[in-house]
Amino acid sequence: AAPAGPDADPDVRAMKKPAEPAPVAGLTRTQMKNAEIIVRTGRGMGVPRRGLVIAVATAMQESNLYNLASGVIPESQRHPHQGLGWDHDSVGLFQQRSSSGWGPVDRLMDPEFATRQFLGALERVPGWQQMRLTDAAQAVQVSAYPDHYAKHEWRANEVVDAILPTER
């Protein structure tokens, strides 16, 4: 007789959503979900693990891994968000600016779109794979505080390891 129960039916198994990784590195569940969006979007783009770590560390620095609307851009506040930021017209996980060519505000408020924008720009930086994390992030973000990304590297590695445990 065939085994009974949901695990016996391959169609039911295929429908199961992968388990969400527990928060690590002092993150909240919301921050961890945002990190997971970054990692899964990057994986879908074929970005290597190093790029995923750079992206997560960058979002840690830019938004503390929260999808922030802008206090000065009312349009951004009409989209799902997890708080307000006040840095010019910066929005989203990576604090990207529509006025700087990152894309329309409504799209930048979508964590997957914002991640694709960041990682696409990262992949256009010559030699990014060999750069220090903070230099690679700075090449994309052009921050007033270029060395601040480095402090997030160990946490970003821990987060990526939790999301992609088989690739340590």
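Student: What makes R43 partly exposed?

Tutor: Its relative accessibility is 33%. Buried means under 20% relative accessible area, exposed means over 50%, and partly exposed is in between (1.4 Å probe, protein chains only). At 33%, R43 therefore counts as partly exposed. R43 is found in helix α2. Before we go on: this is a predicted model, where local features need pLDDT of at least 70 and side-chain atom pairs count only at pLDDT 80 or more, while totals for chains, interfaces and linings use all residues. Residues are numbered from 1 along each chain as its sequence is written, and side-chain values use heavy atoms, with hydrogens and water left out.

Student: Why is Q138 called buried?

Tutor: Q138 has a relative accessible area of 19%, and the cut-off for buried is under 20%, so Q138 counts as buried. Q138 is found in helix α6.

Student: Which residues is Q138 in contact with, leaving aside its neighbours within four places in sequence?

Tutor: S143, P146 and Y149. Contact here means heavy atoms within 4.5 Å.

Student: What is called a helix or a strand here?

Tutor: Both are DSSP runs, numbered from the N terminus: H or I for at least four residues makes a helix, E for at least two makes a strand. On that basis the chain comes to seven helices and four strands. Along the sequence they follow the pattern α-α-α-β-β-β-β-α-α-α-α.

Student: What makes α3 mostly covered?

Tutor: The count does: 11 of its 15 residues are buried. Among them are G51, L52, V53, I54 and M60. The buried residues of α3 pack against α2 (29-45), α5 (111-123), α6 (133-141) and α7 (153-163).

Student: Which residues of α2 are buried, and what do they pack against?

Tutor: Q31, M32, N34, A35, E36, I38, V39, T41 and G42 are buried. The buried residues of α2 pack against α3, α5 and α7.

Student: Why is α2 called oblique to α5?

Tutor: They pack at an angle of about 55 degrees, with their axes 9 Å apart. Angles under 35 degrees count as roughly parallel, over 145 as roughly antiparallel, 65 to 115 as roughly perpendicular and the rest as oblique. An angle of about 55 degrees is in the rest, and that makes α2 oblique to α5. The contact is made by residues including I37, I38 and T41 of α2 and P111, E112 and T115 of α5.

Student: How far apart are R43 and L164 in sequence and in space?

Tutor: They are 121 residues apart in sequence and 9.8 Å apart in space, C-alpha to C-alpha. For the chain, among contacts between residues at least 6 apart in sequence, 54% join residues at least 24 apart.

Student: How much of the chain counts as buried?

Tutor: Of its 168 residues, 43%.

Note on methods: Axes are lines fitted to C-alpha atoms, for helices over the stretch in contact, and angles run from 0 to 180 degrees between N-to-C directions.
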